Amino acid sequence: MRDYRYYQSLFSGIPKPFAFIDLDMLEENAQQVRLQSNGKQIRIASKSIRSVAILQHLLQLDECFTGLMCYSGPEVLHLCAHGMDQLLLGYPIWEKSWLEAIAGEVKNGRSITLMIDSLSHVEHVEQLARRTGVRLPVCLDVDMSSDLFGLHFGVWRSPIRSLEAARDVVRRIAASDHLYLDGIMGYEAQIAGVGDRYPRRFFKNTVIRLLKQHSVREIAERRAMLASELQKLGLSPRFVNGGGTGSLHLTGKEEAVTELTAGSGFYSPALFDYYQDFRFHPAAGFALEIVRQPAASIYTCAGGGYIASGAAGKDRLPLPYLPQKVKLLPNEGAGEVQTPILYRGTETLQLGDPVFFRHAKAGELCERFSRLYCVSGGKIVREVTTYRGDGLCTL
């Protein structure tokens, strides 16, 4: 990990707050993602990146990085406007104006696959496809959560929770003149998105690891059965997508899976410190300026209340990480206009100095900043815009 003085010197004179990407660490993380994928193609989850320039940089690093998984209709159209292709919607869209615009892009030769998980989705998208005169590719989202001892281990996404339910929707797609089954997706959020190495939580970590072990076996069987069922129906979708950064090393071993999705691992936000099976480098961060010193060892920074989405908890707070041993105050956390920190380390901090933080999640950092400073080899090599900087305000 870089030390405090490395970034302090590198960003000398840059007005704070600002966000940055360490390209050297980003590329090391990308290499680790590739090595964990077991030779499968990797689709990049754009919601974890949220910068066209960084997405383009990642896609150019290795031929294993192919295509993007997007998170909203406006985002897809934004990426199309920047010449990007091979786009998979990770979530269903209902808004007709967005669907019509996407259908227009498909009609013009762009590869965009819509996500569906119900007969209602099929009928809605089919009506639009019929009206616009285009045959649209769709992907079936299959639930990958596990139910064990009355516990729902996973997230509430797709209602497709059985082979019979998947068969009904797939047959309906196959019978349509305006849609075709392009892919199957199953995101094992309970493995990819749940940490199992939290400090001072031995019992919880143990339970989560046991649940993960059970769920991994169940998911592999479920995907294999679905692939076999599609073959019986005479269907061969172009891809079967699975995984997330937190489960690449497991999902990549499944024969039924043809491609993996990864996103957060490229930036390695603070939540990724709590996984047992892997470590990535902190490649994305932001800096706040010290503007007060209300007491010995307490320094107050301007701004900083960049709280991550999800169930509220301390792990959703941004993490101060440089200088080392810097900590948030438990009674204040990260505030809307000020964030006090406790520091008793060896660096001499003064008013105007930076404190460096990591966001708890990956792409949400870019919703707070319009630009990213890209650094490599001890220098700022370029500035790039985030989605926010491009004027994109979506989910």
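Analyst: What follows is an account of the salt bridges and their surroundings. The model is predicted. Side chains of opposite charge can pair when their charged atoms come close. In this structure, the count of such salt bridges comes to 17.

One of them is formed by the side chains of Glu100 and Arg131, with an N to O distance of 3.2 Å. This pair links distant parts of the chain, for Glu100 belongs to helix α5 (residues 96–107) and Arg131 to helix α6 (residues 119–132), 31 residues apart. Glu100 is partly exposed, because its relative accessible area is 36%, which falls between the limits of 20% and 50%.

A further salt bridge joins the side chains of Asp143 and Arg161 at 3.0 Å, N to O. Asp143 lies in the loop between β6 (136–141) and β7 (146–148), and Arg161 in the loop between β8 (151–153) and α7 (163–174), so the pair ties together parts that are 18 residues apart in sequence. Asp143 has a relative accessible area of 4% and is therefore buried, whereas Arg161, at 35%, counts as partly exposed.

Glu254 and Arg223 also form a salt bridge, their closest N and O atoms being 2.8 Å apart. Here too distant parts of the chain are linked: Glu254 is in the loop between α10 (248–251) and β11 (259–262), and Arg223 is in helix α9 (residues 202–232), 31 residues apart. Both Glu254 and Arg223 are buried.

Terms used:
Residues numbered from 1 in each chain as written. Predicted model: local features only at pLDDT ≥ 70, side-chain atom pairs only at ≥ 80, totals over all residues. Heavy atoms only, no water. Salt bridge = Lys/Arg side-chain N within 4 Å of Asp/Glu carboxyl O. Helix = DSSP H or I, 4+ residues; strand = E, 2+ residues; numbered from the N terminus. Buried < 20%, exposed > 50% of the residue type's maximum accessible area, 1.4 Å probe, protein only.
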